[in-house]
Amino acid sequence: HDFVEAALLRRAGWDVWLATDIGGSYEASPPTLIEFLKRDRRWCQGNMQHVALMFAQGLRLPSRLHFALGVMSYLSSPLWLILVVLFALNAIELENVTAVTYLGRYPMLAWPISHTVAFISLAVAAMVMLFGPKILATVLLLRDRPALRDYGGASRAVLGVIAESALSMLLAPIFMLSHSWFVLNILFGRTARWGAQLRGSSGTGLWQSTRAFAPHTFVALLVGVIAWYWTPEDFWWYVPLLLGASLAILLCWATSSPVCGAWARRHGLFLTPSETTGIPIVDRFESLVAAPLPDSGDSPAPGRRTLKAA
């Protein structure tokens, strides 16, 4: 909605700036993978509604690009899934084709056809696109000593980036399957309500994780068996994609575990300024939450309603 408001302001002739230097605000992310995907389901619905706004009359080009980026943040998942399916079908087809050079109608010489260069080129391009911004952000952080202290120092910050990158690679197939399902439901007109978001949690149990991510695990194992049977030579190309989805239940449980979070904090992983140097608004919030509620001493008379202002 903020980009919609910005687009309307720009259409009315106002200048709109992204102020990246404003501090003093704070918002925690959903504490579990299940709650995170619930929020993504609502955001996906909102972003997909912006498709119509991309072609609204009078909007500036940056506004249209913002809408397009928001749509592609979720539409890219089913497109990625379609690409994987086409890749698999093409690999199966190549397994049944004899590599032969022909002169007219007559086979002259068996010549192996290799797609290794194309596969490696595509993989390198994807790695640059995914990890390039992380590397550049890390370089900027290493040059900023005050900000570096807020993230636990150079060694812990770099180690945290590496660990986060590995974890993101495992979670990416889970998000791909979930986002694809979200987009499919939206196309069929199934809407989601915007309810209260969970901000505190004691973790996700194994049974709850199993119920939520058993479909992801089943799809990963099924695709793995099919890939091993039909394209054994290309099976290892699927492993990075299948590994995260097959471990979805365990990842859901581990990433929501307070024990795992405490262990990471003790070892300086994934530290944020609110944990190292503190943020005044967060400290104030925690002190108010921890303080006991004042006892008014007076109970309202029966049948009367009282309104207390905080």
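The largest pocket holds about 2200 Å³ of space. Here a pocket is an open set of points, on a 1 Å grid over the protein atoms alone, where a 1.4 Å probe fits, with protein on both sides within 12 Å along at least five of seven lines; points are joined across faces, edges and corners, and the volume is the space filled by probe spheres set on them. The model is a predicted one, in which local features need pLDDT of at least 70 and side-chain atom pairs count only at pLDDT 80 or more, while totals for chains, interfaces and linings use all residues. Residues are numbered from 1 along each chain as its sequence is written, and side-chain values use heavy atoms, with hydrogens and water left out.

Lining residues, those with an atom within 4 Å of a point, number 50 for the largest pocket, and Ser29, Thr255, Phe270, Thr272 and Glu275 lie nearest its centre. Two or more of the lining residues come from each of the helices H2 (33-48), H6 (154-187), H9 (248-255), H10 (258-266), H11 (273-276) and H12 (280-290); helices are DSSP runs (H or I, at least four residues) numbered from the N terminus. H6 gives the largest share, ten residues. By type, the lining of the largest pocket comprises 28 nonpolar, 14 polar and eight charged residues.

At least two lining residues each are supplied by H3 (61-95), H4 (116-143), H6 and H8 (235-246). This second lining divides into 24 nonpolar, six polar and three charged residues.

Beyond its neighbours within four places in sequence, Leu171 is in contact (heavy atoms within 4.5 Å) with Leu33 and Leu251.

Cys44 has 0% relative accessibility and so counts as buried, the limits being under 20% relative accessible area for buried, over 50% for exposed and in between for partly exposed (1.4 Å probe, protein chains only). Cys260, at 32%, is partly exposed. The whole structure has zero disulfides, defined as pairs of cysteine sulfur atoms within 2.5 Å.

Technical notes:
Ala, Val, Leu, Ile, Met, Phe, Trp, Tyr, Cys and Pro count as nonpolar, Asp, Glu, Lys and Arg as charged, and the others, Gly among them, as polar.
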